[in-house]
Amino acid sequence: MEINQLILDRLSKANKSLISAEFKDEYLSSHDIKSKIVSTETNDFFSVSKLHLEKIKNREQFHQFDIEKKRLEVFKLFLDKDKFFFNELDVDILKKFENFLITKRGLALRTVANYMITIRTVCNLALLKSIVKERFYPFEAGKYQIKFPETKKIGLNIKEIKILKDIEGLTEAQERALKLGC
């Protein structure tokens with residue numbers, strides 16, 4: 001019974017791809033249709049996260065690479081698994097991870113949002129490559145929403161700037177920093 005369901009599912013995907021291509025008036029080769037139906041990638045979150053990190057590295061954004069790699073390592077540590085499949089990733093896990101970051105790691109809400117953005121980016125890549133089905137996407141409307149806290153800009157007022165300009169006895173480096181800041 002399960003094999004029949006799998007065959008029907010793949011046939012349905014092929015038909016959907018053909019109808020979509022006809023509707024958009026675009027050409028799809030048999031290879032294109034096959035790649036939409038049969039994913040050669042694994043359904044493992046960490047395999048897709050490696051693809052994501054490779055893309056960052058290929059763009060030579062090494063600082064971003066280091067930051068996102070560390071975020072994904074923390075997520076892996078939290079899960080305590082080497083393999084984690086997209087159908088396991090749900091709102092409950094994301095909320096537990098959010099709570100872990102705040103309570104156990106003491107992170108600020110904006111930093112927690114950055115972790116969630118990284119996870120969402122990996123999920124988006126998996127969707128784009130047809131590695132995961134949309135029904136397993138935990139970030140859509142009505143599911144997990146990334147919370148961006150309100151931010152405040154902290155700066156000097158005019159009185160404080162005047163006081164800084166009138167300070168005497170500054171080193172050359174302090175004077176340069178003051179000129180750059182004003």
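Me: In which helix is Glu98 found?
Reply: Helices here are DSSP runs of H or I with at least four residues, and strands are runs of E with at least two, numbered from the N terminus. This is a predicted model, in which local features need pLDDT of at least 70, side-chain atom pairs count only at pLDDT 80 or more, and totals for chains, interfaces and linings use all residues. Residues are numbered from 1 along each chain as its sequence is written, and side-chain values use heavy atoms, with hydrogens and water left out. Glu98 is found in helix 5.

Me: Is Glu98 buried or exposed?
Reply: The classes rest on relative accessible area: buried is under 20%, exposed is over 50%, and partly exposed is in between, with a 1.4 Å probe and protein chains only. Glu98 has a relative accessibility of 15%, so Glu98 counts as buried.

Me: Which residues does Glu98 touch, not counting residues up to four places away in sequence?
Reply: A contact means heavy atoms within 4.5 Å. With residues up to four places away in sequence left out, Glu98 touches Val112, Met116, Tyr144 and Lys147.

Me: How many salt bridges are there?
Reply: Side chains of opposite charge can pair when their charged atoms come close. A salt bridge is counted when a side-chain nitrogen of Lys or Arg lies within 4 Å of a carboxyl oxygen of Asp or Glu. By this rule, the count is five salt bridges.

Me: What separates Lys96 and Asp92 in helix 5?
Reply: The side chains of Lys96 and Asp92 meet in a salt bridge, at 3.3 Å from N to O. Lys96 is partly exposed at 47%, and Asp92 is partly exposed at 43%. Because Lys96 and Asp92 are four residues apart in helix 5 (residues 91-103), what separates them is about one helical turn.

Me: With which residue does Glu172 form a salt bridge?
Reply: Glu172 counts as exposed, at 60% relative accessibility. The closest N and O atoms are 3.2 Å apart, and the partner of Glu172 is Arg176.

Me: What is the N to O distance between Glu88 and Lys81?
Reply: Glu88 is partly exposed, with a relative accessible area of 27%. Lys81 is also partly exposed, at 34%. Their side chains meet in a salt bridge, with an N to O distance of 2.7 Å.

Me: At what angle do the axes of helix 4 and helix 5 cross?
Reply: Two packed helices are described by the angle between their axes and the distance between the axes. Axes are lines fitted to C-alpha atoms, for helices over the stretch in contact, and angles run from 0 to 180 degrees between N-to-C directions. The axes of helix 4 (residues 62-79) and helix 5 come within 11 Å, and they cross at roughly 105°.

Me: Which residues of helix 5 meet helix 4?
Reply: From helix 4, the residues taking part are Val74, Phe75, Phe78 and Leu79. Those of helix 5 are Ile93, Lys96, Phe97, Phe100 and Leu101.

Me: Are the rings of Phe75 and Phe78 stacked or edge-to-face?
Reply: Rings of Phe, Tyr and Trp (its six-membered ring) pair if their centres lie within 6.5 Å; planes under 30 degrees apart count as stacked, over 60 as edge-to-face and the rest as tilted. By this rule, the count is 14 aromatic pairs. The centres of the Phe75 and Phe78 rings are 6.5 Å apart and their planes are at 20°, so the pair is stacked.

Me: Is Phe75 buried or exposed?
Reply: Phe75 and Phe78 both lie in helix 4, three residues apart, about one turn of the helix. Phe78 counts as partly exposed at 23% relative accessibility. Phe75 has a relative accessible area of 0%, and is therefore buried.

Me: What is the angle between the planes of Phe78 and Phe100?
Reply: Phe100 counts as buried, at 18% relative accessibility. The rings of Phe78 and Phe100 form a tilted aromatic pair, 5.2 Å centre to centre, and the angle between their planes is 45°.
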